[in-house]
Amino acid sequence: QVQLVESGGGLVQAGGSLSLSCAASGGPFSRYTMAWFRQGPEKEREFVALIRGIDTTYYVDSVKGRFTISRDNAKQAVYLRMNSLKPEDTAAYYCAAYTVGDVPPRIIDIAYWGQGTQVTVSS
C-alpha cells in the first residue's frame with residue numbers, strides 16, 4: 001500500500017515558475033514508475049510526465065522543454081519543475097504511481113493517486 005501527498009501548488013503569473021513535490025510512503029518506491037497528471041475545470045484528466053528508473057522520462061508535447069520531472073529514491077519523492085507557465089497550465093496536478101502500463105499511461109493503469117494540488121496561472 002502506497003500513500004502519495006502532493007505539495008507546492010499555488011498562484012503564479014504567466015511566464016513564472018513553480019515546483020511541485022510528491023512524498024511517497026508505504027511501499028517500495030524505487031520499483032514504481034512515477035507520473036504527473038493534471039485536470040482543469042470541466043476537463044478530462046490529462047497525462048503530463050513520467051519517470052522510470054533514474055533518468056528515463058516522457059512528456060506530453062505541450063510541456064516539453066518547459067517542465068522537468070525528477071525523483072529522489074532515497075527521499076521517496078518525485079518532483080515537477082514547471083517553467084514558462086501559461087494560463088492553459090492551470091489545473092489540479094496529481095501525483096501517480098504504477099508498475100506496468102501504456103506509454104503514456106492510462107488512468108486505468110495507475111495503482112495509486114495523490115490528492116492533488118492546485119496550480120493557477122494568471123494572464
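**A disulfide, a sheet and a core**

Let's start with the cysteines: C22 and C95 are joined by a disulfide, with 2.1 Å from S to S. Keep in mind that this is a predicted model. The count of disulfides comes to one. C22 belongs to strand 3 and C95 to strand 9, so the bond ties together parts that sit 73 residues apart in sequence. The torsion about the S-S bond is about -85°, so this disulfide is left-handed. Is the pair buried or exposed? Both C22 and C95 are buried.

Now follow C22 into its sheet. Across in strand 8, V78 is the bridge partner of C22. Strand 3 (residues 18-25) and strand 8 (residues 77-82) run antiparallel and are joined by six bridges. Zoom out and you get an open sheet of four strands, in the order 1-3-8-7, with antiparallel pairing. Strand 1 (3-7) and strand 7 (67-72) are the edges: each has a single partner strand, so one side of each is left without a neighbour in the sheet. On average, neighbouring strands here are turned by 15° against each other, direction ignored.

What about the core? In soluble globular proteins, nonpolar side chains tend to be buried together. Here the largest nonpolar core has 29 residues, and L4, M34, W36, L80, M82 and Y93 touch the most other members. Among the elements giving two or more residues to this core are strand 3, strand 8 and strand 9 (91-98).

Notes:
Residues are numbered from 1 along each chain as its sequence is written. This is a predicted model: local features need pLDDT of at least 70, side-chain atom pairs count only at pLDDT 80 or more; totals for chains, interfaces and linings use all residues. Side-chain values use heavy atoms; hydrogens and water are left out. Two strands pair if DSSP finds at least two bridges between them. Axes are lines fitted to C-alpha atoms, for helices over the stretch in contact, and angles run from 0 to 180 degrees between N-to-C directions. A nonpolar core is a set of buried Ala, Val, Leu, Ile, Met, Phe, Trp, Tyr and Cys residues joined through side-chain atoms within 4.5 Å. Buried means under 20% relative accessible area, exposed over 50%, partly exposed in between (1.4 Å probe, protein chains only). A disulfide is a pair of cysteine sulfur atoms within 2.5 Å.
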